[in-house]
Amino acid sequence: MMDKVKFGIVGCGRIAQRHAEHISKNGELSAVCDIDLDKATRLALPYGAKVYQNIDDLLASEKDLDLISICSPNGLHAEHSIKSLDAGFHVLCEKPMAINVHDCGEMLKAAERNNRRLFAIRQNRFNPPVAAVKEAIDKGILGKIYSVQLSCFWNRNFDYYHNSWKGTLELDGGTLYTQFSHFVDLLYWMVGDVRKAYALMGNFAHEGVIEFEDTGVVALEFYNGALGTINYTVNSFGKNMEGSLTIFAEKGTVKIGGQYLNELEYQNIEDFEFKDLPQGNTANNYGKYQGSMSNHDKIYENLIDVLKNGSSISTSSFEGLKTVEIIDKIYQSAKLNH
Ligand SMILES: NC(=O)c1ccc[n+]([C@@H]2O[C@H](COP(=O)([O-])OP(=O)(O)OC[C@H]3O[C@@H](n4cnc5c(N)ncnc54)[C@H](O)[C@@H]3O)[C@@H](O)[C@H]2O)c1
């Protein structure tokens, strides 16, 4: 098939830097675009990529690309992905896939009608303890899952939201979309689809700073009968504290913890023990705050394997839609309970 995969990037902010690094290791960064020309130019320079100020110009001029990586604000993911797919390119979309289920559906339809691949990023799946526990669940080592507890205790202060699309309903969508969609993805991946969500939310420390909740408590019922809770906040004082998932199952209890679901904190499993888990990647460090584990290398390795060798996608767009659907259910419930 293709020799060197040629990439474009739409949105040249923080996470785009990471994409550019991995693109240069796996192929060629040919073109970038940002409404802020300075940011686009800065990203393009080390890689000799062409610079555009809007996506339509990029798509009209760059016929030679293979794939576009969408790194724009959440609320633009659908528009930018659909335009790129309709122009005939494969797409890798940052998380969350979109901020409503309808848009995710339109993205899937665009991929189908153009016979292109749509990859949706959810890199926490590659954290060593997460991958190990998922494998154990799939092999039946834990038995039936009874209940789960997801804790997301992070800190996002005024500076983080100041002068940014982050914190707006239209482009961000909500704390579960921007901060914690990775974590919700793991509930779907490890436990299953959610039948019912019951949620309460509040904005305690970010009044006038963000247009939605900074804290939520959620009760979940899964289709397989398991029960779950999510307790999340961006008010952990001064710094991120914890991102953890505890699973209570028929043959064992296990807790994946650390700040980013990167450590196996507790295990007590019948006739089984997780041993010698490999050291994972470090978290994305943005100077004043930290994000999730930086596993974009794994995403790009898989992407190249899919495009060149016809392997299967490790983080599919259908599952991207499911994460958005679960978050959507949670927000709908919070509105009803308000
Ligand atoms: N997977 C992860 O761990 C991870 C980490 C951080 C961010 N993200 C996601 O990546 C996306 C970008 O986040 P970020 O932190 O890099 O934000 P950012 O604000 O640093 O970058 C976004 C960029 O998009 C540009 N932009 C805005 N409108 C545009 C348009 N119409 N066309 C082209 N460019 C446009 C902005 O000028 C900005 O440079 C978000 O969806 C976010 O949720 C994912």
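Here is a short tour of the structure, stop by stop.

Before you click on anything: this is a predicted model, so local features need pLDDT of at least 70 and side-chain atom pairs count only at pLDDT 80 or more, while totals for chains, interfaces and linings use all residues. Residues are numbered from 1 along each chain as its sequence is written, and side-chain values use heavy atoms, with hydrogens and water left out.

**The whole protein**

Start with the cartoon view. You'll find 11 helices and 15 strands; helices (H or I, at least four residues) and strands (E, at least two) are DSSP runs, numbered from the N terminus. The C-alpha trace spans about 55 × 50 × 35 Å along its principal axes. Now colour by burial: 56% of the 338 residues are buried, where buried means under 20% relative accessible area, exposed over 50%, and partly exposed in between (1.4 Å probe, protein chains only).

**Stop 1: Ser 69**

Select Ser 69, which sits in strand S4 (residues 67-70). Is Ser 69 buried or exposed? Ser 69 is buried, because its relative accessible area is 0%. Show side chains, and you'll see the one of Ser 69 making a polar contact with the side chain of Tyr 300, at 2.9 Å. (A polar contact is a pair of N or O atoms within 3.5 Å; within protein, one must be able to donate a hydrogen and the other to accept it, and residues adjacent in sequence count only if both atoms are side-chain atoms.) Leaving aside neighbours within four places in sequence, Ser 69 is in contact with residues including Phe 7, His 19 and Leu 92; contact means heavy atoms within 4.5 Å.

**Stop 2: Gly 257**

Next, pick Gly 257 in strand S12 (residues 252-257). Gly 257 also counts as buried, at 0% relative accessibility. Beyond four places in sequence, Gly 257 touches Gly 243, Ser 244, Asn 262, Glu 263 and Glu 265.

**Stop 3: Pro 96**

Go to the loop between strand S5 (90-93) and helix H5 (101-114), where Pro 96 is. Zoom in on the backbone here: the peptide bond from Lys 95 to Pro 96 is cis, with omega near -15°.

**Stop 4: Asp 271 and Asp 276**

Phi is positive at Asp 271, near 55°, and at Asp 276, near 50°. Asp 271 counts as exposed at 78% relative accessibility, and Asp 276 counts as exposed at 76%.
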